[in-house]
Amino acid sequence: MDLTISIPPSAETGVAVARSKGELRDALADVRSAGRSIGLVPTMGYLHDGHLSLLRAARAECDFVVMSLFVNPAQFGRGEDLDRYPRDEARDLELAAATGVDLVYAPSAEEVYPEGFTTHVEVEGLTDVLCGAPGRRGRGHFRGVTTVVAKLFNAVGPDVAYFGQKDAQQVAVIRRMVRDLDFAVRIEALPTVREPDGLAMSSRNAYLEPADRARATALRRALLAVEEGARADSLAAGLEAGMKELELVGIDPEYLEARDAESLAPVEEIGERPVLVAVAARVGGARLIDNVLIEA
Ligand code: AMP
């Protein structure tokens with residue numbers, strides 16, 4: 001956009017980068033006072049086409065696009081993949097520049113969680129199921145997500161924030177947080193971007209060995225089998241057909257469940273309200289998730 005901000009684009013990557021809340025605030029002050037709309041795309045980096053679809057939507061709809069780049073330690077449990085989570089900041093910044101991002105906010109963990117940090121945002125109920133159930137990632141995962149997203153909303157003050165439907169539970173939880181805490185931001189959830197063979201794009205796909213990469217396509221087939229069975233027969237029959245698709249390639253999922261897409265309450269049958277069918281499974285070295293939304 002035709003507005004100069006206090007941080008110049010980097011000569012190497014072509015995009016302006018703020019490393020601290022202060023830099024971010026200064027850079028956004030002029031944007032805000034000029035009355036420009038701000039779009040925010042939160043990411044943990046290692047960008048793929050799923051992320052780029054969110055950035056493109058923000059670019060098309062907002063005057064000023066901020067991408068956050070932060071591997072949020074608070075949303076990783078003990079024994080999870082925080083240390084090996086793939087990172088390539090230089091490439092991410094180049095992709096952000098090429099996609100028309102105006103400003104990247106890439107703080108350190110100390111900047112986000114300074115010494116003595118003790119305040120958290122927790123959405124109850126929706127975070128106890130699916131990935132939040134005990135023995136899975138647990139509700140602490142979503143507490144980490146909502147806390148960092150609330151902080152990003154406060155630091156950036158976006159008009160619109162963009163999320164991927166691939167993380168459907170995250171979308172439901174963030175929508176509830178926004179409603180309950182009166183955040184003045186519109187949440188846009190965009191469709192899951194897939195590889196040609198149907199596998200949902202994910203930074204964690206980098207963990208897959210070739211044989212597991214091939215098996216992982218069963219997740220999408222299972223979800224489509226659930227939808228087909230539910231439409232043709234019953235949700236129970238669909239879920240059974242979905243489980244069979246997973247069994248065929250030796251995947252024992254953490255869950256394959258149907259729930260109300262907004263409240264995440266269990267559902268017995270498809271009806272008026274959108275039904276979320278979600279799956280999570282460990283495939284080789286990666287824990288993968290995917291889902292399909294069944295609308296009447
Ligand atoms: P992450 O970097 O994994 O935290 O993801 C950042 C944002 O990109 C989240 O809103 C994700 O839901 C979204 N996202 C991740 N994978 C995809 C995908 N395959 N299609 C669309 N959005 C995605």
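A pocket, as the word is used here, is an open set of grid points with protein on both sides within 12 Å along at least five of seven lines. Its volume is the space filled by probe spheres set on the points. The model shown is predicted.

By that definition, the second largest pocket holds about 230 Å³ of space.

Rolling a probe the size of a water molecule over the atoms shows where empty space is left. How many cavities of 30 Å³ or more does the structure hold? There is 1. The largest cavity has a volume of about 30 Å³. Its lining is made up of Lys166, Leu199, Ala200, Ser202, Asn205, Leu219, Leu288, Ile289 and Asp290. Strand 9, which covers residues 286-294, contributes the most to this lining, with 3 residues. The classes in the lining of the largest cavity are 5 nonpolar, 2 polar and 2 charged residues.

The next subject is the ligand. It has 17 residues around it, and Met44, His51, Asp167, Val193 and Met201 come nearest. On the side of the ligand's oxygen atoms, one oxygen lies 2.6 Å from an N or O atom in the side chain of Asp167. An oxygen atom of the ligand is also 2.9 Å from a polar atom in the backbone of Gly164. A nitrogen atom of the ligand, in turn, is 2.8 Å from a backbone N or O atom of Val193. How much of the ligand's accessible area does the protein cover? On its own the ligand has 490 Å² of accessible area, and the protein covers 92% of it. Strand 2 (38-43), helix 2 (49-61) and strand 5 (160-164) are the elements that give two or more residues to the shell around the ligand. Helix 2 gives the most, with 3 residues. By class, the residues of this shell are 8 nonpolar, 7 polar and 2 charged.

Leu130 sits in the loop between helix 4 (109-112) and helix 5. Most residues other than glycine have a negative phi. Leu130, which is not a glycine, has a positive phi of about 45 degrees. Is Leu130 buried or exposed? Its relative accessibility is 2%, so Leu130 counts as buried, the limit for buried being under 20%.

Asp182 also has a positive phi, near 60 degrees, and is a residue other than glycine. Asp182 belongs to the loop between helix 6 and strand 6. With a relative accessibility of 65%, Asp182 counts as exposed, because exposed means over 50%. The loop between helix 6 and strand 6 (186-190) is also where Ala184 is found. Ala184 counts as exposed at 75% relative accessibility. From C-alpha to C-alpha, Ala184 and Arg84 are 35 Å apart in space, and they are 100 residues apart in sequence.

Gly157 is placed in the loop between helix 5 (139-156) and strand 5. At 32% relative accessibility Gly157 counts as partly exposed, because that term covers values between the limits for buried and exposed. Gly157 is 26 residues from Phe183 in sequence, and their C-alpha atoms are 9.1 Å apart in space.

What does the side chain of Thr217 make a polar contact with? The partner is the side chain of Arg221, at 3.0 Å.

Definitions and conventions: Residues are numbered from 1 along each chain as its sequence is written. This is a predicted model: local features need pLDDT of at least 70, side-chain atom pairs count only at pLDDT 80 or more; totals for chains, interfaces and linings use all residues. Side-chain values use heavy atoms; hydrogens and water are left out. A residue is near a molecule or strand if one of its heavy atoms lies within 4 Å of it. A polar contact is a pair of N or O atoms within 3.5 Å; within protein, one must be able to donate a hydrogen and the other to accept it, and residues adjacent in sequence count only if both atoms are side-chain atoms. Accessible areas come from the Shrake-Rupley method with a 1.4 Å probe; for residues, only the protein chains shown count as cover. Helices (H or I, at least four residues) and strands (E, at least two) are DSSP runs, numbered from the N terminus. Ala, Val, Leu, Ile, Met, Phe, Trp, Tyr, Cys and Pro count as nonpolar, Asp, Glu, Lys and Arg as charged, and the others, Gly among them, as polar. On a 1 Å grid over the protein atoms alone, a cavity is a set of points where a 1.4 Å probe fits but cannot get out, and a pocket is an open set with protein on both sides within 12 Å along at least five of seven lines; lining residues have an atom within 4 Å of a point. Buried means under 20% relative accessible area, exposed over 50%, partly exposed in between (1.4 Å probe, protein chains only).
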